[in-house]
Amino acid sequence: MKKWITLTMAAITMMVSSVSMAAVDASNPYLLINGVAENAFSRLKKDKDAYQENPELLRAVVKEELMPYINVRYAALKVLGSQARKASKEERDLFTDAFYEYLVASYAQILTEYTDQLVTVEPVKTIDPKRKVVSVRVDITDNARPPIRLDFKLRKNRKTDEWQGFDVQVEGVSMLNTKASEWSGQLRKNGVEAVAAELETRAKKPISKSEGAS
């Protein structure tokens, strides 16, 4: 059910085989993905035993290596859809914070399922300076299952001119659209605060090696 999370983190953490740290270049979406992947993968390899013994430590990996490069507020507002316009600023802030913690917990949980995969990232392409949204294709090959195509969506920040991720499509299916569809009924019926509270509850669920993503 959480296939998009599994495949996203698989791509992010399996893209490189080097264990050296690298600076993340957010001025280019292709380099951004590779930089984040290299740092996250290096950290997982270096402290593998510690993470296996205490999976909760993976939350820090996600917060420090991945989340700084995701435009969480933009993604959260996309998930809220029409409810974002009806909600107050306080409610939007509350939902964004809850969505952030939900993503952290979800990604940390998936990192407990780390397995070797062959990942191919499309080559760096020239980007039209006028473009504000770019997709970066990643193909994942696993001997145990058919190849999977991911398209990471990144958006250029108008203030910093740096790129930030906000969505991923798995075989053409958008993560944000999926979450928006899943939660739309609850948002209309129970309101933004109630859904935010539910996400906070899910986010507090302990990270365990034996359980799937929340």
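Tutor: Asp-161 sits in the loop that links strand S3 (145-156) to strand S4 (163-170); strands are DSSP runs of E with at least two residues, helices are runs of H or I with at least four, and both are numbered from the N terminus. The model is predicted, so local features need pLDDT of at least 70 and side-chain atom pairs count only at pLDDT 80 or more, while totals for chains, interfaces and linings use all residues. Residues are numbered from 1 along each chain as its sequence is written, and side-chain values use heavy atoms, without hydrogens and water.

Although Asp-161 is not a glycine, its phi is positive, near 65°. Asp-161 is partly exposed because its relative accessibility is 45% (buried is under 20%, exposed over 50%, partly exposed in between, with a 1.4 Å probe and protein chains only). Glu-171 is another non-glycine residue with positive phi, near 50°, and with a relative accessible area of 45% Glu-171 is partly exposed.

Now to the helices. Thr-96 belongs to helix H7 (residues 89-111), and Thr-96 is buried, at 10% relative accessible area. Leaving aside residues up to four places away in sequence, Thr-96 touches Val-72, Arg-73 and Ala-76, where contact means heavy atoms within 4.5 Å. H7 also meets helix H4 (residues 58-66): Leu-58 and Val-62 are among the H4 residues in this contact, and Tyr-100 and Leu-111 among those of H7.

How values were computed
Axes are lines fitted to C-alpha atoms, for helices over the stretch in contact, and angles run from 0 to 180 degrees between N-to-C directions.
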